[in-house]
Structure formats: C-alpha cells, structure tokens
Amino acid sequence: MKRRKKLSIQQVLQRISVYIILIVTAIFIAFPFYWMVLTTIMPASEVYNTEIKLFVSHIDFTMYHKLLTDPQLPVTRFFINSLIISIGATVLNILTAIFAAYPLSRRKIPGGKIFYYLIVATMMVPGEVVLIGLYRVVHSMSMYNTYQGMILPLAVNAVNFLIIMNYMLTIPRELDEAAIVDGASMWQVLLKIMLPLSKPAIYSAMLLAFLSAWQNFTIPYLLSSSNDMYPLSVGALFTENTLFATRQETLTLSTILTIPTLIIFIFTQRFVFSGITAGAIKG
Amino acid sequence: MFEVSALEKITPKMKFLFNIWRERTSYLFLIPILALYTIFSLYPIIQTFQLSFFDAKIIKQGPFVGFKNYIDIFAAKGFQQAIGNTFIFTFGTILFVLIFSLGLSVLVNISWVKFKTLFKMIYFLPAVTSFVAVGYIWKWMMDSSFGVINIFLAKLGITPGPVWLADPDLAIWSLVIVNVWRWVGYFLVIFLANLQAIPSVYYEASEIDGANAWHQFLHITIPLLRQAITLTIVLGIINNLKAFALVFVMTQGGPAGTTELMATYVYQQAFGTGQYRFGFSAAASMVLFILIMVFTIFSNKLGRTEEVDL
C-alpha cells in the first residue's frame, strides 16, 4: 500500500529527529574502528597528539611493514595459527552438529531427548567457567600448547547445532520418509536430502562458528604457551605485555585481528543475521 | 493368523531393544558430538567440582580438605569484591543494552526509515570484533591525556577529563560503557527480527482506537517482545558473568581490584600469582557456575510465567 501524501511539518520534524538519532548512534559505534585504523596509518610522530585530526597528513604503512617483518614478533605466524585453529574448530563443530542434528530432528531414538539436552546444556558452561578443569583435561591428554588442544575445546559450541537442528525441523518429513521407504540408508538420506536442503542454515552456522573461534581469547590464552602456537588474539596481548609495544603497534595488531572478521561479516551479513535469529529461537 | 500372534508376544522390553537396534546408525551419528562435548565441556566441570574439595596445586591433587576451599573463598576479600564487580558489570550491561537495543530497533523498524540494512550492519560491527581488539581500541581512546575522548572533552572545556580506567569509582563503569558498545548491535538484530514478526494489523487497529506511539510501544511492542527480552537477559547473563578478555586487556583487574571479575579472579588465583592455588580457584569456578545456572533458570521461568494475550 503506497500512498504519497504531503507530510505535515510535525511529521517532517519527527522523521528528521529519528534519522538524527540513528545516524549519531551509527557514528558513535563506527568511530572507534575509524580511530583505530587512523592511528595505525599515521606517522609515528603524530600518534601522541592532543589535537583531534580526522585525517592523516599522509598515509604511512611503516608500522604494518615493521610488524610483518619483525623477527622477534612472528605476526604472520600468529595469523596462520589463528586460521588453522579457527578453521579446524569450525569444521569439527559443524560436522558433529550436522551428524547429530539429522537423527535428533528426524528419528525416534530411545534416549534422544536426553542426548539433546546434554548437548544444549553445554551452552550454560562456557570454557571460561571451568578454566581449571579444562586445563587439567587438556594437559592430561598431552595436548597442552598444540593445535588440537585448542581446536577441540573451541569446537564445543551448541548454538550452531541448534541453528542446524531448528532448520532441519522445518524440512517436510515426506521428503526423507519417502526415501527411507524406497530403501535409502541414513547415510544416503543425510548426504542426498538433508545436507543439500539445510545449506542456508549450515552456511550461517559455519560463519558464526568461524567468527566466534577467531575472536576467542580465553581458551587459546589458557592452553598455549609459546610464540609459535599463539593465535593473533593472544599474540597481541603477549606483544603488549612482554615486548612493551607502543600504542601504535598494539593497535596495528588489533587491526590485523579485526579486519578479517569485519570483511567476512560485511560480505555475508545476510547469513550471519539469519544465524543469530535462528539460534535465538530456543532460549 | 501367524503374524498377529507373533506380534502379540512382543513385550515392551523387546520393543525397546528393537528400537535401539533399528537406530544403531543414529547412535553412530551421535557419538562424535557426545564424545567431544563430554570430554571438553562436561568432564571439565566434574574435574573442577572434584578439585574444589582438594588442596590442589596444578596437576597434583593434594589432600582432601572438604569444604575448606569454599569457606576460604567466601572469606577472601578479593573474591567478595569480584562478585560485587561482576554483578555491576553484568546487570549494568544488560540494563543499558536492553534500553538502547530495544529503542534503536523500534526506530529502525519504522516503515518509512530507509537504509535499514546499512544501519543494522553498522550497529553490528562491534559484535564481530574480538574483545582483545575492542579492549585495545578503547584503552587508547580512554587514555586520560592522549585519548580522543578526553581531548574532545577538553575542547568542550572539561579539563581535566575523567581518568576513565584509573579511577577506582569509575573504572568498572568505563568497562560497562565499552561492553554496551560491544553488545548493542547483537541484541538489536534479535529484537528487529522479532519486531518484524509482529503483524501490522495490531498497530493499525490500535491507531483507530486512538492510541499514540508510546501507548503502542507499552501495550503491543513490549508484551510481544517478552520472549526476546527474556532471551536477551539470559544470553546477557551467560555472556557477561563469564567476562574475561576485556578486563584482562584493559585494566588487569585494577585499580585496587575494582574491576576484578569472577572469571579473571579464578584465572589469577590459579595462574597469575605464581601460587597455583587450583583447589581454591576451582571452588571459585563452581560458585560462578552455580550463579550462571541459577540466574539462567530463574530468568527463563520469569519469562514464561504468563502467555501474552491481546
């Protein structure tokens, strides 16, 4: 229903004030990112300046060059570690979630409810809450300061299981029941029917799994202890605490840590948003 | 008939076993997730629970001490302070996040507002940013002499500006500001999805009845968002009671312990002081764990007490 009629002055004022609120908030939220990037590309001499300059006199990438080539500070290695850990955790998290969501959403399994609640209950026990226990478990399996030692705990993330499970519940049952009657095995139903039909939910869950693993600090901080194993988040803290980094160095590391997730989010925002809302259905 | 009499002999127990056998592939599919979640989420709780009754140092279990660790933590000044700080941090964050994300989502949802996706995206940016980066950005911006906030305040004539992170009365609230900034967009997205699900008929009908925007907000929007609000509170509690990285990066618990949170306290007692008091800090972990459980169950109950009717 489209109707174009002249707005009264009161309505115009109302619209303007709503836009002002929205835009001012947007500036307040985006400004810290701008300020972070700006600080990393200004000449080092201008960082401690008591004037607010919203633009730099000339763009200076010295700090990036310095950080990426500094032999004392393996930033490239931190970055690769972050990738390995996040991708590993994502793959493991999503695969286990798909394999569990299919039977739990489709079949009458003795004890199915119990398994479901067991999985969902882990949401109430984030790694931060059981630091000591987690540290001991990983240590006793001789996985302290290894990739697998960080990947396995980070792969525990029941929200993504819920996203996939909730989506599978919306797929009409006739589709897979017909296939079962025709003699298809569960493997075939999973691969040929459930997997292709659940693609949107799986994309969303994958993105959320990657983003949360990339951002996680506590688990790698607890479970790694050397330069060659640190992901970026821990590497940044290590740099600040032990190498007495300057503000500009720390912020450059923060930028390198932030940019990948921002880019991924901007290009995949539709899936990220649908994942957030889908995971939020069951509270 | 032969088949019928055979069926009659099937006892419930046989049927149960048959169902288990029929679902053997299902169980196979469930093994990976159950193994993973049991070893890396449930077993650590059991370990922590067990350790909380021992005088444990790192990997060594030490002698059994009963409830001594629990008595010690509740007597410890630092722990009491950490509980208080964690409550301020958690509920301060939830309150402001609720107000801002609810208010903004109602505005973004207005039918004539353009660039909805763009606003939503910008508001969401902090939610995909690592707490480590968030901490460093704001630590820099809140610097008392070179931080952009105080430079700006100086322009407005406010000198000297507040020492955001070094003032014992202010530090925890500075962290709340940062945390609210981090979470507003996340909950805005949840509220927006729920708002879009409200049929516009409700608003149109109430308009005919002469209700103004404020009445509509109070009597239509809020009741229909009840579930989403409950969810915000539950997620807010789980995410903020465990908060760790922000404090670690920005204040290290200072000044004078005024920003020490429960999770950072647990970590400091176990690894930070060089004493490796694992038993003591396991007991602190269990208190944190029980708090999360209690608050989650309580707010879930509260949100479900009555169905919304119009």
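Let's start in the loop between α5 and α6 of chain A, where A:S142 sits. This is a predicted model, so keep that in mind throughout. What is the phi of A:S142? About 55°, a positive value, and A:S142 is not a glycine. Most residues other than glycine have a negative phi. Is A:S142 buried or exposed? Exposed, because A:S142 has 9 C-beta neighbours inside 10 Å, and the cut-off for exposed is 12 or fewer.

B:F115 lies in the loop between α5 (77-108) and α6 (116-124) of chain B. The count here is 14 C-beta neighbours inside 10 Å, so B:F115 is classed as partly exposed.

Staying with backbone details in chain B. There are two cis peptide bonds to point out. One runs from B:T159 to B:P160, with omega near -10°. B:P160 is in the loop between α8 (148-155) and α9 (171-196) of chain B. The other runs from B:G254 to B:P255, again with omega near -10°. Look for B:P255 in the loop between α13 (245-250) and α14 (262-272) of chain B. In general, most peptide bonds are trans.

How many of the eight residues of α6(A) are buried? Six, so α6(A) is mostly covered. The buried ones are A:G149, A:M150, A:I151, A:L152, A:P153 and A:L154. What do they pack against? Within chain A, α3, α5, α10 and α11 (218-223). From chain B, α3 (24-51) joins in. So the surroundings of α6(A) draw on both chains, given that its buried residues contact helices of each within the 7 Å C-beta cut-off.

Now one helix pair in chain A. Helix α7, residues 158-170, packs with α13(A). The axes are 9 Å apart and the angle is about 90°. That makes α7(A) roughly perpendicular to α13(A). Which residues meet? From α7(A): A:V159, A:L162, A:I163, A:N166 and A:Y167. From α13(A): A:G275, A:A278 and A:G279. By class, this contact has five nonpolar residues, three polar and no charged.

Overall, 70 residues of chain A are in contact with 79 residues of chain B. Several helices of chain A each supply at least two residues to that side, among them α1 (9-40), α3 (75-106), α4 (112-121) and α12 (232-242). Which helix gives the largest share? That is α13(A), with 14 residues. As for composition, the side of chain A that touches chain B has 48 nonpolar residues, 17 polar and five charged.

Next, domains. The assignment for chain A gives domain 1 as 9-60 and domain 2 as 66-279. Their centres, over C-alpha atoms, are separated by 33 Å. Contact between them involves six residues of domain 1 and six of domain 2. On the domain 1 side, those residues are four nonpolar, two polar and no charged.

Chain A has 13 helices and zero strands. Chain B has 15 helices and, again, zero strands.

Buried residues make up 47% of chain A. Take contacts in chain A between residues at least 6 apart in sequence: 77% join residues at least 24 apart.

In chain B, 41% of the 310 residues count as buried. For contacts between residues at least 6 apart in sequence, 71% join residues at least 24 apart.

Terms used
Residues numbered from 1 in each chain as written. Chains lettered and ligands numbered in written order. Predicted model: local features only at pLDDT ≥ 70, side-chain atom pairs only at ≥ 80, totals over all residues. Domains from an automatic or database assignment. Contact = placed C-beta atoms within 7 Å. Nonpolar A, V, L, I, M, F, W, Y, C, P; charged D, E, K, R; others polar. Helix = DSSP H or I, 4+ residues; strand = E, 2+ residues; numbered from the N terminus. Buried ≥ 20, exposed ≤ 12 C-beta atoms within 10 Å, placed from the backbone. Axes fitted to C-alpha atoms, helices over the stretch in contact; angles between N-to-C directions. Parallel < 35°, antiparallel > 145°, perpendicular 65-115°, else oblique.
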